[in-house]
There are 2 protein chains.
Amino acid sequence: MNESGLINKLTADLLADETVIAGPGDDCAVLELYGQKLLFKTDAIVEGVHFDSEAPPEQIGHKALARPLSDVAAMGGTPSHALITLGINTSIKENYIEAVYTGVKNCAVQYGVNIVGGETTTLPCFTLSVSLLGKVKNPIMRTGSNIGDAIFVSGELGGSIVEHHLNFIPRIAESQWLADSFNIHAMIDLSDGLASDLRHLLNTHTGAEILASALPIRRAARENAQANPSSKTALLAALTDGEDYELLFTVSSKDAVNVMDEWNKHFPDTSLKCIGKIIDRPGIHLRDENGTKPLALHGYDHLQKS
Amino acid sequence: MNESGLINKLTADLLADETVIAGPGDDCAVLELYGQKLLFKTDAIVEGVHFDSEAPPEQIGHKALARPLSDVAAMGGTPSHALITLGINTSIKENYIEAVYTGVKNCAVQYGVNIVGGETTTLPCFTLSVSLLGKVKNPIMRTGSNIGDAIFVSGELGGSIVEHHLNFIPRIAESQWLADSFNIHAMIDLSDGLASDLRHLLNTHTGAEILASALPIRRAARENAQANPSSKTALLAALTDGEDYELLFTVSSKDAVNVMDEWNKHFPDTSLKCIGKIIDRPGIHLRDENGTKPLALHGYDHLQKS
């Protein structure tokens, strides 16, 4: 059984009282306390899985906090308070731990997050786990897209392993502006790759048509594809590489032009692309100069270089 | 540097806005959101450190949640929502993970906690990390004790390793009743042992005088001392064994008799003992039939069998 299968099984019969607006299954849990809505999220990064020992320690700290910040952004929320759990052991130098923590603190200051505690525990590999609280007025769920919606993605996709996965900017400001300015139907942050994460915005009756030529491909993905002809194409990288931490959202088609125009005024340095639309045919369908083909979960079936 | 030294160094210069009532240093962080107070806590248990592979999996799950519940109790709060992070790997059987999670869920139902999500991550040793939110009206801090206060402890102390550390009852009900009924000056839950944790209720100008004969010693500690004459005495076990998860609190001496009388009416099955008083001499001083002696941090200097 894979991770999501196990989680689904474990959390299938959870009890929830009226304070739980959304439990497992979205970017954050949504709670109602004292008549107001809160976001609640936890996320861990582990050496050897999410970063390697050569990564600059401040960037490791940045990544640890920026990841759940990206989840709060995906709900249209404002992060507020964090607890930091460090899994450490005696082989890890103290000045290294301090440098990592400095990265966490700098990121916290940048996004107005109060670090209010945490703990250290003994673990064989260096681990940072972040618990994050945020405020939200109208949480944007993954499930609100409608047939005909325009699909937008911020920033650029693919090739994040070169450096983006360590120093990415969580789209807090953009997300808050979107939530305040438009009726965003559904939103998610891209952590597992577009071809995988987009499916969370669909249901059994809806699909997505994606225009290959509209996909914003990060330069690192293009350069990597050029330098390594045996690796995946830049297009496949943009569809399937993980850790983009960009916003993927849908709005009514009538709002699409307005969203694009206003975005370009407010965030002229950050790309926003309309990459396709929600359709009534289940699955993801990629349209290019050769026509439209269904896209398998990770894109491999139809897009691998052969 | 030890754990608390490292944490103090890392968290020394944290920024905090007006929503942070209490950051690092108490049993939970205390936040003010929407004009109401929240408790925020994270706690992890690791195989080989907090439990071994022979422990019943449901009890491991119970312990993982009950530990931060005990911290919420120590503030006089009501736990409400939890996120569960599982550190797992392919060597851990799925039905074992499910049994552990069942223990978490049963504990959550018992104490009215909504489990609202979490994640799994890859770790070499089985780990459970719990993030917990709670509500509180008037948080009881560690720092409020006054000279002359009576010192109380719930339950019994020592020998928790036999089974108590896995199946203990977090003192949520007792703590809420105390907070609602009396002016509790300071409170903490006992996780590192009385001789260590009591110091958190003192400052550089105050100390505690503890009456050895008043200490409630758990039967397991007595039996262990009898069975193993070379091990620590039952009294030393009660002072220094960790993981009691009992409440240690102080009240004004004028309230002491009332607290005891009312407790016995409300919780006739749970011991409450007045074990001493706050004094104006720094440090912990143990009084027995031979007089009064200062107690070293872990009690070893003066209490070891020799």
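Reader: Where do the domain bounds come from, and how far apart do the C-alpha centres of domain 1 and domain 2 of chain A lie?
Author: Domain bounds come from an automatic or database domain assignment. The model is predicted. Chain A is divided into domain 1 (3-135) and domain 2 (150-303). The C-alpha centres of these two domains of chain A lie apart by 24 Å.

Reader: Which element gives the most to the side of domain 1 of chain A that touches domain 2 of chain A?
Author: Contact here involves 16 residues of domain 1 of chain A and 17 residues of domain 2 of chain A. On the domain 1 side, α2 and β4 of chain A are the elements that give two or more residues. With 9 residues, the one that gives the most is α2(A).

Reader: How many residues on that side of domain 1 of chain A are nonpolar, polar and charged?
Author: The side in question is the one that touches domain 2 of chain A. Its residues divide into 8 nonpolar, 5 polar and 3 charged.

Reader: What does helix α3 of chain A reach from its first C-alpha to its last?
Author: Helix α3 of chain A covers residues 94-110, which is 17 residues. At 1.5 Å a residue, 24 Å is expected. The helix comes close to that, reaching 24 Å.

Reader: Which element of chain B do the buried residues of α3(A) pack against?
Author: Among the buried residues of α3(A) are A:Ile97, A:Val100, A:Val104 and A:Ala108. In chain A, the buried residues pack against α2 (57-74), β4 (78-88) and β5 (114-122). From chain B, they pack against α1 (3-10).

Reader: Which residue with a positive phi follows α3(A)?
Author: The phi is near 70°. The residue is A:Gly112.

Key:
Residues numbered from 1 in each chain as written. Chains lettered and ligands numbered in written order. Predicted model: local features only at pLDDT ≥ 70, side-chain atom pairs only at ≥ 80, totals over all residues. Helix = DSSP H or I, 4+ residues; strand = E, 2+ residues; numbered from the N terminus. Expected span 1.5 Å × (residues − 1). Buried ≥ 20, exposed ≤ 12 C-beta atoms within 10 Å, placed from the backbone. Contact = placed C-beta atoms within 7 Å. Nonpolar A, V, L, I, M, F, W, Y, C, P; charged D, E, K, R; others polar.
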